[in-house]
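Trainee: I'd like to learn how to read a model like this one. Can we go through it feature by feature?

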Amino acid sequence: MAGETTGRTAVVPFRQFVLKVHSRCNLACTYCYIYAGPDRSWRTRPPTVPAATVRQTARRIAEHARAHRLRAVRIDLHGGEPLLTGPGPLLDQAAAVRAALPAGCTADFGVQTNGTLLTADIIDTLGATGFRLGLSVDGGTPGLNRRRVDHAGRPSWPAVSRAAGLLHDRPGVFAGILCTIDITADPAEVYGSLRALDPPMLDFLLPHANWSSPPPATSGRGPRTPYGDWLCTVFDLWWDGGPGPRVRVFTEILGLLLGRPSSSEAVGLSPVVAVIVDTDGAIEQVDSLKSAYEGAAATGLDVFHHTFDQALAHPGMVARRTGRDGLGDRCRGCALVEVCGGGNYAHRYRADGTGFRNPSVYCADLERLIRHIAARLKAETTPN
C-alpha cells in the first residue's frame, strides 16, 4: 500500500512513468548526453515503441497503481523526439494506459518536445485529449539556440520559435520550458528572452556532468562558482521582476528552506518517484545517469518479465531513495544537506571506485545559490 514500510524503510511507489516512444532525434544538439554521451544503448533499441510493449507497460502501470492504491499517476512520453511518431501513436498510448488503470486512478499526460515538428493541428489534437506539452529550448533568440541544430548543422530556431508562438496561444496545453544552462550566455539575456515567450513554468538545468567528466567552465580558471553566479543573477531578476513564470529550481529551493518536501531530483532528499520504460520495454533509472557511463541507468529488468515493485527493490533505485543515508560523509555533515540533498544523483559520479557517494560536481555552485536565496528570503521576511 502507499506509504507501507518494510523494516524501517518506507516503500514509496512510483508515481511518474516516463515512456520512451521514439529512440531517435531529429536534432543533434552539441551538448546532448544521450546521443553524444558514453551510453550507446539507444543504438540497439527499436526506433519506435511497438504496440505490444505499450500494452504491457500499461498493464504494469495499472498493476502498480492497484497494489499501492494510487489515485493518480503521471505519464510522460519522451524520446529522442516523441513527435517523430506523429500524434496518432501518442493518442493510442494514452488510450492504452487509461483503459488499463483501475477505477479511481487518473493519469495526467505530458510530452516533452524540441518543438521542431509542432503544428497547430498537433497541439490541438493532443490538447483535446488532455495532453500538456513542454518545450526544450536554450533561450528566446536564434543566437542563444546555436547549439540546437539538426544533423546537417542547420539551426532549429525558426521552427522552434513558431512552436513557442503556437503554444503561447494555447496556454491550457503549454506546460513550460526546459533550458539547459550555457555558461557562456548572458543570464539576463537568457531569462529575459525566455520570459518574453510567456511560459507558465521555466526550469534551468545544470548540464549533466560529473567529477570524471567535469562541466564546461570549471577548469580552475575564472569564478569558483560560475553556475551558482549565473543562477543567482537569474534569481534576482525573477525575484525582483514582478509576476512571471514559475522557475522550478528556485521554487523548489524556497520550499525546502521553508520546510516543504522536494518534488525534483535536482535538490532535496525526497525519494525519487520516476521510472523509465524504453522502446524495447526495458525498465531503467532516470536518463541523466547515462551521462556517467555505459549502462549506468540499466536495471536488467523489463515490463514483460518484471513488475515495477521489483524495480523499486533494485539496488540502484534503492540507493537513490534512502535520503541522507545514501549520501557520502561530506554531504551528511553539511549544514545545507536538507535543501541541497547532495544535488542531482548523476552529478556525484567519480570513476575512482567511489561511484555516486560524492558531493555533486556542482557542490560549490549549489551552496552559492542556496545561501543567496536564503539571504533574499530572510531579508524579505524579517520585520524591520
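Trainee: What is the mean pLDDT of the protein?

Mentor: pLDDT is the predictor's confidence in each residue, from 0 to 100. Here the mean is 94, and 96% of the residues reach 70 or more. This is a predicted model, where local features need pLDDT of at least 70 and side-chain atom pairs count only at pLDDT 80 or more, while totals for chains, interfaces and linings use all residues. Residues are numbered from 1 along each chain as its sequence is written, and side-chain values use heavy atoms, with hydrogens and water left out.

Trainee: Where does pLDDT stay under 50?

Mentor: Where pLDDT is low, the predicted coordinates should not be read in detail. In this model that applies to residues 4-8, where pLDDT stays under 50. The model has 6 contacts (heavy atoms within 4.5 Å) for them beyond four places in sequence.

Trainee: Next, packed helices. At what angle do H2 and H3 pack?

Mentor: Two packed helices are described by the angle between their axes and the distance between the axes. Axes are lines fitted to C-alpha atoms, for helices over the stretch in contact, and angles run from 0 to 180 degrees between N-to-C directions. Helices (H or I, at least four residues) and strands (E, at least two) are DSSP runs, numbered from the N terminus. H2 (residues 87-100) and H3 (residues 120-128) pack at about 5°, with axes 10 Å apart. So H2 is roughly parallel to H3; angles under 35 degrees count as roughly parallel, over 145 as roughly antiparallel, 65 to 115 as roughly perpendicular and the rest as oblique. Pro87, Leu90 and Leu91 of H2 make the contact with Ile122, Thr125 and Leu126 of H3.

Trainee: And how do H6 and H7 cross?

Mentor: The axes of H6 (residues 226-240) and H7 (residues 248-257) come within 11 Å and cross at roughly 85°. H6 is therefore roughly perpendicular to H7. On the H6 side you'll find Leu231, Val234, Phe235, Trp238 and Trp239, meeting Phe250, Thr251 and Leu254 in H7. That contact has 7 nonpolar, 1 polar and no charged residues. By class, Ala, Val, Leu, Ile, Met, Phe, Trp, Tyr, Cys and Pro count as nonpolar, Asp, Glu, Lys and Arg as charged, and the others, Gly among them, as polar.

Trainee: Which peptide bond is cis?

Mentor: Most residues other than glycine have a negative phi, and most peptide bonds are trans. Here a cis bond joins glycine 79 and glycine 80, with omega about 25°. Glycine 80 sits in the loop between strand E4 (72-78) and H2. For phi, check arginine 69: not a glycine, yet its phi is positive, about 50°. Arginine 69 lies in the loop between H1 and E4.

Trainee: Last one: how many cavities of 30 Å³ or more are there?

Mentor: On a 1 Å grid over the protein atoms alone, a cavity is a set of points where a 1.4 Å probe fits but cannot get out; lining residues have an atom within 4 Å of a point. Grid points are joined across faces, edges and corners, and a volume is the space filled by probe spheres set on the points. The search finds 3. The largest holds about 90 Å³, and its lining includes Gly79, Gly80 and Asp278. That lining has 3 nonpolar, 4 polar and 5 charged residues.

Conventions. On a 1 Å grid over the protein atoms alone, a cavity is a set of points where a 1.4 Å probe fits but cannot get out, and a pocket is an open set with protein on both sides within 12 Å along at least five of seven lines; lining residues have an atom within 4 Å of a point.
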